[in-house]
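Me: I have a structure open and want to learn how to read it. Can we go through it feature by feature?

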Amino acid sequence: MSPVIEIDHLRKTYGEKVAVADVSLTVERGEIFGILGPNGAGKTTTVEVLAGLRQADGGSVRLLGVDPQAEPAAVRERVGIQLQEAKLPAKLRVGEALALYASFYPHPADADELLDLLGLTEKKDTAFADLSGGQQQRLSIALALIGNPEVAILDELTTGLDPQARRDTWALVERVRDSGVTVVLVTHFMDEAERLSDRLAIIVDGRVAALGTPAELVRGSEHERAFRMRLPGETSDAVADALLALDDVHSVRHDGEEYEVTGGERVLPAVVLDLARRDIVPDEVRTLSRTLEDVFVEVSGASVPTPTEEVLR
Ligand SMILES: Nc1ncnc2c1ncn2[C@@H]1O[C@H](COP(=O)(O)OP(=O)(O)OP(=O)(O)O)[C@@H](O)[C@H]1O
């Protein structure tokens, strides 16, 4: 099956300003594809070209096999786009907004079903200005979906929402994907990208700086693992030296009973097994994992990443 979205060496300038220098990526049917990047990286410009809202200066773009530059109307019928901070007239009611947007499309979705999916049924007669931030955001998603799109582009979906509203919105995006819609999610939040994306591209200065599943990006190329543990009563260098002699272990540092070990993919079981043979039981084990934020810092060249602790339960 051919990809739903194919972007090949896209370039877009605004006068002297290069907004998108060189972006290539593909999005497969049914995935949530994250586009992550700092402010001004070129994310919004990329999706605007994709949706036929802007003309590219170079490269090619295909959405569902159609060139949005050549046939913007054909693309707009099949794509739902929710742009940053879309504002509606204050007095427009939820139901009216949906009816208005539905009238733009040849085969609109059922507005009541959509309201139900988005938890807005009770707000059908509420004016836009009287909705909470989270409800306004959900309405903007409903408006992106009312045309029954095959692809939904959601830009800065959860900016300004409280933590609970963000989590609710994430669950909603997953439900949208599960209903068969391919989702392109533009965000500058690492947690959002990591939690939701099946695959993601990190865009920096108008270029793709990294691309893959969140796990692939976090794992990196070298497959180095690290963890910390406490060995009650074991404070001598002899324990550290014995661990260092194991095949899978690359380094061992210790400060009293606290040990930090790095090594290959099997380092953790190898160490635990070796300790068990010597009747030493680690009291507390914490893996030290890279986060997407570490990767982001790395690819944008800001500084060396620091591992983040995660207690194993
Ligand atoms: N209409 C425009 N005219 C001139 N410059 C623009 C225009 N739109 C965007 N730019 C510039 O192009 C660059 C890329 O902008 P874009 O909005 O695509 O980035 P972004 O990654 O979406 O950023 P943000 O997360 O802040 O929305 C920025 O430097 C921006 O200032």
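Predicted model: local features only at pLDDT ≥ 70, side-chain atom pairs only at ≥ 80, totals over all residues.

Me: How many residues of the protein chain score at least 70 in pLDDT?

Reply: pLDDT is the predictor's confidence in each residue, from 0 to 100. In the protein chain 94% of the residues score at least 70, and the average is 88. Be careful with residues 303–313: there the pLDDT is below 50. Beyond near neighbours in sequence, that stretch has 20 contacts in the model. A contact means two C-beta atoms, placed from the backbone, within 7 Å. The model scores ipTM 0.95 and pTM 0.78.

Me: How many helices and strands does the protein chain have?

Reply: Helices (H or I, at least four residues) and strands (E, at least two) are DSSP runs, numbered from the N terminus. The protein chain has 11 helices and 14 strands. Its C-alpha trace spans about 75 × 45 × 35 Å along the principal axes. Of its 313 residues, 34% count as buried.

Me: Which way do β1 and β2 pair?

Reply: Two strands pair if DSSP finds at least two bridges between them. β1 and β2 pair in the antiparallel sense, over seven bridges. One example: Lys 12 has Val 20 in β2 as its bridge partner. The hairpin of these strands has two residues between them, and Gly 15 there takes a positive phi near 60°.

Me: What covers the two faces of strand β5?

Reply: In a regular strand the side chains alternate between the two faces of the sheet. In β5 (residues 79–82), Val 79 and Ile 81 lie on one side, Gly 80 and Gln 82 on the other. All four are buried, and both faces are covered. β5 runs parallel to β6 (residues 151–155), joined by four bridges. Gly 80 has Ala 152 as its bridge partner in β6.

Me: Which residues touch the most other members of the largest nonpolar core?

Reply: In soluble globular proteins, nonpolar side chains tend to be buried together. A nonpolar core is a set of buried Ala, Val, Leu, Ile, Met, Phe, Trp, Tyr and Cys residues joined through C-beta atoms within 7 Å. The largest core here has 64 residues, and Ala 142, Ile 153, Leu 154, Val 184 and Leu 185 touch the most other members. Helix α5 (residues 133–145) gives the most to this core, with six residues. Apart from it lies another core, of 10 residues, including Phe 227 and Tyr 259.

Me: Which residues surround the ligand?

Reply: A residue is near a molecule if its C-beta atom, placed from the backbone, lies within 6 Å of it. The shell around the ligand includes Tyr 14, Lys 17, Gly 42, Lys 43, Thr 44, Thr 45 and His 188. β2 (17–27) and α1 (43–50) are the elements that give two or more residues to it. α1 gives the most, with three residues.

Me: Is α1 buried or exposed?

Reply: α1 is mostly covered: eight of its eight residues are buried. Among them are Lys 43, Glu 48 and Leu 50. Just after α1, Gly 52 takes a positive phi of about 80°.

Key. Residues numbered from 1 in each chain as written. Buried ≥ 20, exposed ≤ 12 C-beta atoms within 10 Å, placed from the backbone.
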